[in-house]
Amino acid sequence: MAGLNVSIAFFLSVVAICEVIRQVSKRVLPLGVYRGLVRELLRMLMEIGPWGGGFGPDVILTLLFIIYLIHGVSFDGASANPTVSLQEFLVMDSSFVATAFKLLVQFVGMEAAGILTTHYWSWELTDFHLIQNLMALDCSSSIHTSLYHGIFVEGVCSFFFHLVALKFQHSHLLYRAPVLAVTVTTLAYTAGPFTGAFFNPTLASMVTFHCSGNILQEYVQVYWLGPLTGMLAALVLYQGNIPRLFQKNLLYSPKSKYRTPKGKAVPGLKQTRDNGEGQPQLRTKPRS
């Protein structure tokens, strides 16, 4: 329990520090720089910095729910996920330059978070930190299934995550944050034994790409190709198209918001042929 308390204290400290830096950045840096770089970097520090376990599944899943719930409330529009940034680009919510900067800063944030976490573990405040330091140079892959099944698992996780995120993107934060936290926790519980259920290329790159058991090409296929494919599938299913690539809706036929009322026949009036000027002639029926 002491180790758990230390980990929770570290997580809350990272959240508090990032929140202070975020508020200062809003006042010091131009708004565009803050939105595109700082908050993305801070989100990556919060996402990967506290990452680690050493506890039972019930504790890990509870902590995972709490972590993503706090992230959902405090993320301030940052994604810390390349597939989310690419999705924003594909739906034309973000320009090419802004998206490229986000991806770059996500990578920088990943490296910074890794350095922060490694330095924190080097203090060996708990037995888990000691074990983690011993295993750091000889970790094993998180892929515990076949390559194609791993790609499928990460793709399905990404599909459901993005589909839920798209569905609740305009909902109030008090509803959106818990729903996404429950979604991530459920996916982690279901798919975790197969691939670790990262469905976040940056997070997976930091946590498992350097581990033995699979080559780089296999890691890229599972943790990059899988989530990217799942995101595209969710976007097409939700919107029927990919706005950045083509406008035609492939799945849903457009429906007019307005209905043309069906008129009733007026006694004594009868519509006849066009008068040549685009308007029909009306013939009055003689009264007997």
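# Chat about the protein chain

Reader: Hey, starting with contacts in the protein chain between residues at least 6 apart in sequence: what percentage join residues at least 24 apart?
Author: That comes to 70%. Contact here means heavy atoms within 4.5 Å.

Reader: And what kind of model am I looking at?
Author: This is a predicted model, in which local features need pLDDT of at least 70 and side-chain atom pairs count only at pLDDT 80 or more, while totals for chains, interfaces and linings use all residues. Residues are numbered from 1 along each chain as its sequence is written, and side-chain values use heavy atoms, with hydrogens and water left out.

Reader: What share of the residues counts as buried?
Author: Of the 288 residues in the protein chain, 38% do. Buried means under 20% relative accessible area, exposed means over 50%, and partly exposed is in between, using a 1.4 Å probe and protein chains only.

Reader: What about the accessible surface of the chain, how much is there?
Author: About 17300 Å², and 66% of that belongs to carbon and sulfur atoms. The areas come from the Shrake-Rupley method with a 1.4 Å probe, and for residues only the protein chains shown count as cover.

Reader: Why use a probe at all?
Author: Because rolling a probe the size of a water molecule over the atoms shows where empty space is left.

Reader: Which element gives the most to the lining?
Author: α8 does, with 6 residues. By class, the lining has 17 nonpolar, 13 polar and 7 charged residues. Ala, Val, Leu, Ile, Met, Phe, Trp, Tyr, Cys and Pro count as nonpolar, Asp, Glu, Lys and Arg as charged, and the others, Gly among them, as polar.

Reader: How many salt bridges does a search of the whole structure find?
Author: The search turns up 1. E88 pairs with K102, and their closest N and O atoms are 2.8 Å apart. E88 is in helix α4 and K102 in helix α5, 14 residues apart, so the pair is listed as linking distant parts of the chain. The rule is a side-chain nitrogen of Lys or Arg within 4 Å of a carboxyl oxygen of Asp or Glu.

Reader: Is K102 buried or exposed?
Author: Buried, at 12% relative accessible area. E88 is buried too, at 19%.

Reader: Now H162. Which helix is H162 in, and what is H162 in contact with?
Author: H162 is in helix α7. Leaving aside neighbours within four places in sequence, H162 is in contact with T83, V84, Q87, M231 and A234. H162 is buried, with a relative accessible area of 2%. H162 and L232 are 70 residues apart in sequence and 9.0 Å apart in space, C-alpha to C-alpha.

Reader: And where is T183?
Author: T183 is in helix α8 and is buried, at 13% relative accessible area. Aside from neighbours within four places in sequence, T183 is in contact with F160, F161 and V164.

Reader: Last one: what is phi for M92?
Author: Phi of M92 is positive, about 65°, although M92 is not a glycine. M92 is in the loop between α4 and α5 and counts as partly exposed at 44% relative accessibility. A197 is another non-glycine residue with a positive phi, near 50°. A197 lies in the loop between α8 and α9 (201-208), and at 8% relative accessibility A197 counts as buried.

Notes:
Helices (H or I, at least four residues) and strands (E, at least two) are DSSP runs, numbered from the N terminus.
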